[in-house]
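Let's take a walk through this one by way of its charged pairs. Have a look at the model first, then we'll pick it apart.

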Amino acid sequence: MKKTILFSILACMIACLSSCDKTDLTPAYIYITAEDLENCVNVSTFNTDHDLHFDSEQLSALQQHSFTHVNVTVNNKNLGCWQLPCKVPVLGVNENDSSTLEIVPCFKMTGMNHTIKGYPFFDRLKQKIMLRKNETYNVSSNPPKFKYSTYTRFPMFETFSNSSSFTPTDSTNTHGFFPTEVDGRTVGELVLEDENASFDLKSVGLTLPTYNYRVFLEVNYKTEGDIEIGMQLSTAHNPNTVYPLGGIFASNGEWKTIYFELTNIIHNYNNYSGAAATVGTLFFSGIGNAGGAPTHFYIDNVKVIYQPGS
């Protein structure tokens with residue numbers, strides 16, 4: 001009797017397992033490269049959307065970024081952050097319907113690998129794509145085109161097209177970033193003739209937001225020497241306070257972009273000062289390299305950018 005019951009149970013289990021559908025774990029793939037995110041910004045209606053009058057050089061500068069990672073979401077399922085280039089597997093694809101792809105460009109904050117953040121100033125962009133199991137969808141077939149949020153503001157946007165917003169902190173020091181043509185673009189150039197030379201520059205005063213805003217500094221650069229960057233915050237009723245932001249390191253002949261987040265610095269300062277309005281001043285400093293040869297510093301598209309935070 002016991003054997004009969006046991007055999008009956010085993011038979012039922014086998015029947016149930018046989019009747020169950022096996023889960024298909026065959027993925028589709030999405031392939032994304034850094035080149036897919038070059039010039040990934042649509043600026044055709046930027047001036048109209050923001051009620052601004054940026055010239056062609058400024059609009060071109062808005063397209064220049066250095067995105068190293070992407071956060072990928074498919075059909076509202078977050079598949080994580082991936083270093084470019086990447087081949088992202090997607091499970092559970094319905095081949096009879098389109099999928100919704102959302103890509104958020106990401107970057108290295110101050111160039112450090114462990115501080116990867118999504119770029120916060122673009123509107124969300126979702127694309128309909130067709131995915132097939134065991135096949136690869138190349139984003140290059142329809143590269144994303146992002147738009148800056150209409151709430152985005154630019155307290156500083158220096159392209160060095162005609163002049164420079166930076167002046168020496170010491171009137172006896174004549175070193176500065178002067179507009180020049182390099183690599184087919186107008187940039188700010190500074191040359192230190194020997195290792196004993198140095199520069200210490202400050203920007204014009206910038207009117208910055210106080211609370212609940214994301215604030216970034218972005219700089220394009222190609223330098224043979226290092227640059228230290230800081231920011232001084234001040235209000236009408238409180239003493240000036242200088243905060244070090246970090247450094248730009250020699251770029252080995254390549255143009256690069258670096259990002260600094262100013263949000264916490266400004267927020268903490270305003271908590272301390274109780275200020276209603278804050279003025280920020282950027283400081284750039286550096287020294288010549290050892291060896292006697294001139295040290296060249298090139299920077300371009302210095303932007304302070306913000307929008308309301310979440």
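Does D49 count as buried, partly exposed or exposed? D49 comes out as partly exposed, with a relative accessibility of 33%. Its partner in a salt bridge is K147, with the closest N and O atoms 4.0 Å apart. D49 sits in helix α2 (residues 46–50) and K147 in the loop between β8 (136–138) and β9 (153–158), so this pair ties together parts that are 98 residues apart in sequence. K147 is partly exposed too, at a relative accessible area of 33%.

Before going further, a word on confidence. This is a predicted model, and the protein chain averages a pLDDT of 88, with 89% of the residues scoring at least 70. Residues 1–7 are another story: pLDDT stays under 50 there, and the model gives them 0 contacts beyond four places in sequence.

E102 belongs to strand β5 (residues 99–108), while R124 lies in the loop between β6 (116–118) and β7 (126–129), 22 residues apart. E102 is buried at 9% relative accessibility, whereas R124 is exposed at 64%.

Then there's R214, which forms a salt bridge with E261 at 2.9 Å between the closest N and O atoms. This one links strand β15 (residues 213–223) with strand β18 (residues 256–261), the two residues being 47 apart. R214 is partly exposed, at 25% relative accessibility. K117 joins in as well: K117, R214 and E261 are linked in a network of salt bridges.

Methods
Residues numbered from 1 in each chain as written. Predicted model: local features only at pLDDT ≥ 70, side-chain atom pairs only at ≥ 80, totals over all residues. Heavy atoms only, no water. pLDDT = per-residue confidence, 0-100. Contact = heavy atoms within 4.5 Å. Salt bridge = Lys/Arg side-chain N within 4 Å of Asp/Glu carboxyl O. Helix = DSSP H or I, 4+ residues; strand = E, 2+ residues; numbered from the N terminus. Buried < 20%, exposed > 50% of the residue type's maximum accessible area, 1.4 Å probe, protein only.
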